[in-house]
Amino acid sequence: MFDLLCIKIGTADNSSWKGNLKENKTFDYLDISNLSKNFEDKTIFKNFNKKIPFGSKVLVTGESGSGKSTLLKMISQEISMDYGEISIVKNGKKIEIPMRYIGFVSQEPFVFNGSIMYNLTLGRDYEEKILKDMLKKVNLEELNLDYLIQNNGENLSGGQKIRLELARVLLRSKSIILVDEVTASLDKKNSKKIRDLIYSLNGVTIIEVAHHIDDESRYDDIITIGKEDWYENH
Ligand SMILES: Nc1ncnc2c1ncn2[C@@H]1O[C@H](COP(=O)(O)OP(=O)(O)O)[C@@H](O)[C@H]1O
Ligand SMILES: [Mg+2]
């Protein structure tokens with residue numbers, strides 16, 4: 001019924017419509033199976049398999065150039081695989097990952113010159129209370145909704161931009177959040193704050209690429225790309 005309604009009003013991404021009619025975007029697990037990827041003569045993945053249960057937090061680590069970002073880009077279908085399948089299993093059925101399930105938080109979040117309100121809604125209709133609650137949730141309550149972002153975000157700190165992007169993704173109730181080295185450009189204290197925030201979120205599956213992590217214990221699983229026995233064991 002909800003799908004029909006959205007088609008009628010021409011909403012391409014029904015997930016964020018009004019921000020309060022939430023589609024059920026849960027699933028059993030994300031399934032990466034027999035994934036292979038080469039760039040020219042370099043093998044990045046060879047028969048890689050991994051099941052990521054809904055709601056888990058996974059760390060992807062490995063040397064620079066090992067293929068961490070490539071993995072996230074294949075999950076979000078930004079680049080293609082050579083072989084294999086990335087899907088979700090939902091209600092026991094394997095389906096292609098709906099793109100509206102996926103949110104990407106990058107090291108260089110995009111911000112627009114305009115109000116915080118606009119940067120959150122991107123012109124969609126959300127209740128003000130939902131927006132304010134979201135600012136609180138991502139620890140951005142120091143910025144009110146009318147605060148104007150200028151010069152492509154020069155008047156925001158790196159940490160604030162990442163929080164803002166995270167708020168945007170959460171507002172759209174994504175269930176798979178891909179996080180690519182977001183804390184690389186932040187100092188230790190801010191990195192910890194962002195990571196604490198990300199790991200306090202419930203009901204979302206987080207796949208985070210990170211180089212140096214102080215505390216790996218809070219991840220449910222760790223994928224280390226390119227280590228010695230990588231190609232034999234995957
Ligand atoms: N579009 C591309 N064409 C050719 N080679 C690429 C492309 N994207 C990435 N690579 C190469 O694949 C390897 C993995 O890249 P990447 O996934 O960005 O690594 P990481 O994120 O782990 O630093 C690197 O050697 C990189 O140069
Ligand atoms: Mg990378």
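Mentor: Let us begin with burial: a residue is buried if 20 or more other C-beta atoms, placed from the backbone, lie within 10 Å of its own, exposed if 12 or fewer, and partly exposed in between. Helices (H or I, at least four residues) and strands (E, at least two) are DSSP runs, numbered from the N terminus. This is a predicted model, in which local features need pLDDT of at least 70 and side-chain atom pairs count only at pLDDT 80 or more, while totals for chains, interfaces and linings use all residues. Residues are numbered from 1 along each chain as its sequence is written, and chains are lettered from A and ligands numbered from 1 in the order in which they are written.

Trainee: How many helices and strands does the protein have, and what share of its residues counts as buried?

Mentor: The protein has seven helices and 11 strands. Of its 234 residues, 29% count as buried.

Trainee: Why is strand E9 described as largely enclosed?

Mentor: Five of the five residues of E9 are buried, so the strand is largely enclosed by the rest of the structure. Both of its faces are covered: Ile-176, Leu-178 and Asp-180 are buried on one side, and Ile-177 and Val-179 on the other.

Trainee: Which strands form the open sheet, and in what order?

Mentor: Five strands form it, in the order E6-E9-E10-E3-E11, with parallel pairing. Strand E6 (102–105) and strand E11 (221–225) are the edges; each has a single partner strand, so one side of each is left without a neighbour in the sheet. From one strand to the next, the twist averages 15°.

Trainee: What makes E9 a paired strand on each side?

Mentor: Two strands pair if DSSP finds at least two bridges between them. Four bridges join E6 to E9 in parallel, and E9 pairs with E10 over five bridges, also in the parallel sense. Ile-102 stands opposite Ile-176 in E9, and Asp-180 has Val-209 in E10 as its bridge partner. Further along the sheet, strand E3 (residues 57–62) and strand E10 (residues 205–209) run parallel and are joined by four bridges, with Val-58 opposite Ile-207.

Trainee: What makes a group of residues a nonpolar core, and which members touch the most others here?

Mentor: The term covers buried Ala, Val, Leu, Ile, Met, Phe, Trp, Tyr and Cys residues joined through C-beta atoms within 7 Å. The largest such core has 44 residues, of which Val-105, Ala-167, Ile-177, Leu-178, Val-179 and Ile-207 touch the most other members. Helix H5 (residues 158–171) gives the most to this core, with six residues.

Trainee: With which residues is Leu-178 in contact, beyond its neighbours in sequence?

Mentor: Contact requires C-beta atoms, placed from the backbone, within 7 Å. Leaving aside neighbours within four places in sequence, Leu-178 is in contact with Leu-72, Ile-75, Ser-76, Ile-102, Phe-104 and Ile-207.

Trainee: Why is Met-99 called exposed?

Mentor: Met-99 has 12 C-beta neighbours inside 10 Å and therefore counts as exposed. Met-99 lies in the loop between E5 and E6.

Trainee: Which residues are around ligand 1?

Mentor: A residue is near a molecule if its C-beta atom, placed from the backbone, lies within 6 Å of it. Around ligand 1 these are Phe-39, Lys-42, Ile-44, Gly-62, Ser-64, Gly-65, Ser-66, Gly-67, Lys-68, Ser-69 and Thr-70. Helix H2 gives the most to this shell, with three residues.

Terms used
Two residues are in contact if their C-beta atoms, placed from the backbone, lie within 7 Å. Axes are lines fitted to C-alpha atoms, for helices over the stretch in contact, and angles run from 0 to 180 degrees between N-to-C directions.
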